[in-house]
Amino acid sequence: MANLTTRFFGLELKTPILIGSSGLSNSIEKIKLLAQNGAGAIILKSVFEEEIYKEFQHEIEKQAVGTHNLEYLDYFDYEIKNDKVKQYLELIKGAKDAGVDVPLVASINCTTSSDWVFFANKLAKAGADALELNLFVLPSDVERTADQIRNYYFSTIKKVIETVNIPVTIKLSTYFSDLAAMIKELSETGLAGITLFNRFYNIDIDIEKRELQPAKILSHPFEYQKSLRWIGIMSGRVQCELAASTGVHDYPTAIKMIMAGASAVQVVSGVYKHGYKFIADMVSGLETWMDNHNVKSIDEIKGIANAKHVKNPAEYERVQFMKYFGGFDPEID
Ligand SMILES: Cc1cc2nc3c(=O)[nH]c(=O)nc-3n(C[C@H](O)[C@H](O)[C@H](O)COP(=O)(O)O)c2cc1C
């Protein structure tokens with residue numbers, strides 16, 4: 001039978017089907033079900049700086065003090081952050097006590113660099129097996145240069161890696177003008193892995209109300225292609241493992257990602273849409289495909305279709321529909 005073990009987060013994982021950070025893992029019961037269905041690792045919901053301050057807001061109201069009372073903020077800051085960490089600690093410890101034996105990965109999203117280090121340290125001590133940084137700067141500030149944004153990433157990662165004694169990975173966005181160089185340089189910082197790519201909360205417009213509204217929360221199956229392209233381009237050129245995220249909705253897509261060079265895939269929307277069985281189906285689909293094709297291990301197919309191995313690597317970089325300008329002529333009503 002095919003061996004599904006792989007490595008990501010600097011850890012050996014039983015399967016390459018990982019649960020991406022989301023509310024899917026916000027209780028011990030849910031974590032148990034994810035593990036029982038074959039998840040190779042579970043990335044917990046990110047601790048968000050905003051969320052912490054929302055909680056703090058509630059404290060302020062309870063105490064009937066003004067929101068501008070900064071001394072009060074300083075006073076409660078530490079306690080509130082500790083409380084969030086306490087919840088994480090209880091979740092991780094509870095899941096481990098309940099027999100969950102797949103790695104549990106903490107995820108943090110902070111904006112100020114001091115908070116990153118504070119949380120990273122606390123969460124590592126809470127018993128997480130690894131840490132995923134949900135580090136993202138939307139480059140919307142016209143005053144902020146690319147170098148400033150880059151420096152923010154590199155200095156934060158350096159500080160976190162120096163502070164914690166568990167493997168650290170990052171889930172990245174595509175918002176870099178030098179994406180290939182960025183991924184390569186990030187892979188040389190000591191990160192145990194890079195996940196391509198995060199999918200963010202998006203906005204849409206309600207044309208009747210003429211107002212903003214949230215866009216679709218869950219991904220579509222056709223959204224996997226951007227991650228596939230970049231894993232294919234970068235695998236074999238980086239110093240750490242790569243994982244794929246966004247639009248992995250079935251086992252053939254997982255196989256494509258592995259062939260492009262991913263060590264694992266992260267899934268979220270598929271589980272929300274189809275339930276826990278989605279994970280078991282992914283795992284058994286992958287295993288059956290490997291058996292049917294006499295593939296003994298994930299390593300045997302990992303990267304076989306990346307830019308280094310395909311006949312025509314330029315296909316990975318082709319972005320214009322040149323060939324189709326004249327010839328593409330489907331029947332339309
Ligand atoms: C409801 C929901 C909550 C999410 N929460 C987080 C989060 O807290 N931290 C994070 O890094 N990503 C979060 N994500 C993004 C997912 O981890 C994942 O990167 C994204 O959904 C793309 O994967 P998918 O196509 O399998 O859904 C969330 C996604 C969804 C749908």
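Which residues of helix H8 (residues 251-260) are buried?

A: Happy to take you through it. Please keep in mind that this is a predicted model. In helix H8, which spans residues 251-260, the buried residues are Thr253, Ala254, Ile255, Met257, Ile258 and Ala260. Just after H8 comes glycine 261, with a positive phi of about 130°.

Next, what lies over those residues? The cover on the buried residues of H8 includes strand S3 (17-19), helix H7 (225-234), S12, strand S13 (264-267), H10 and helix H11 (298-301). Several of these elements lead us further into the protein, and we can follow them one at a time.

Let's begin with strand S12, which runs over residues 241-245 and contains serine 245. Serine 245 has a relative accessibility of 8%, and because a residue counts as buried under 20%, serine 245 is a buried one. Setting aside neighbours within four places in sequence, serine 245 is in contact with Lys171, Thr195, Leu196, Phe197, Ser227 and Gln266.

Two of those partners, leucine 196 and phenylalanine 197, are joined by a cis peptide bond, with omega near 0°. Phenylalanine 197 sits in the loop between strand S9 (193-196) and strand S10 (203-206). Phe197 is also touched by leucine 179, whose other contacts include Ser173, Thr174 and Trp230, not counting residues up to four places away in sequence. Leucine 179 belongs to helix H6 (residues 179-187) and is buried, at 6% relative accessibility. The C-alpha atom of leucine 179 is 9.9 Å from that of methionine 234, although 55 residues separate the two along the chain.

S10 pairs with S11 in the antiparallel sense, over four bridges, and isoleucine 205 stands opposite leucine 212 in S11. Together S10 and S11 form a hairpin with four residues between them. Arginine 210 is in the loop between S10 and strand S11 (211-214), and has a positive phi near 55° even though it is a residue other than glycine. Its relative accessible area is 74%; since exposed means over 50%, arginine 210 counts as exposed.

A polar side-chain atom of lysine 171 lies 2.8 Å from an oxygen atom of the ligand. An N or O atom in the side chain of serine 219 is 2.5 Å from a ligand oxygen, while glycine 247 uses a backbone N or O atom, 2.8 Å from an oxygen atom of the ligand. The protein covers 89% of the 610 Å² of accessible area that the ligand has on its own. In total, 20 residues surround the ligand, and the closest are Ser21, Ser46, Ser219, Gly247 and Ser269.

Now back to H10, which is also part of the cover over H8. In soluble globular proteins, nonpolar side chains tend to be buried together. Here, the largest nonpolar core has 84 residues, and those with the most contacts inside it are Ile42, Leu131, Leu133 and Ile194. Helix H10 (residues 277-292) supplies the largest share of this core, seven residues. Apart from this core lies another, of 10 residues, among them Phe9, Ala130, Ala243 and Ala264.

Leaving aside neighbours within four places in sequence, leucine 131 is in contact with Val105, Ala106, Ile108, Ala120, Leu123, Val160, Val164, Ile166, Pro167, Val168 and Thr169. Phenylalanine 9 is found in the loop between strand S1 (6-8) and strand S2 (11-13). Phenylalanine 9 is buried, with a relative accessible area of 0%, and has a positive phi of about 60° without being a glycine.

Finally, let's step back to the whole chain. The protein chain has 12 helices and 13 strands, and buried residues make up 47% of its 333 residues. Among contacts with a separation of 6 or more, 69% are between residues 24 or more positions apart. The chain exposes about 17600 Å², with 53% of that supplied by carbon and sulfur atoms.

Technical notes
Residues numbered from 1 in each chain as written. Predicted model: local features only at pLDDT ≥ 70, side-chain atom pairs only at ≥ 80, totals over all residues. Heavy atoms only, no water. Core = buried A, V, L, I, M, F, W, Y, C linked by side-chain atoms within 4.5 Å. Buried < 20%, exposed > 50% of the residue type's maximum accessible area, 1.4 Å probe, protein only. Helix = DSSP H or I, 4+ residues; strand = E, 2+ residues; numbered from the N terminus. Contact = heavy atoms within 4.5 Å. Pairing = 2+ DSSP bridges. Near = heavy atom within 4 Å. Polar contact = N/O pair within 3.5 Å; in protein donor to acceptor, adjacent residues only side chain to side chain. Areas by Shrake-Rupley, 256 points an atom, 1.4 Å probe, with all protein chains shown as cover.
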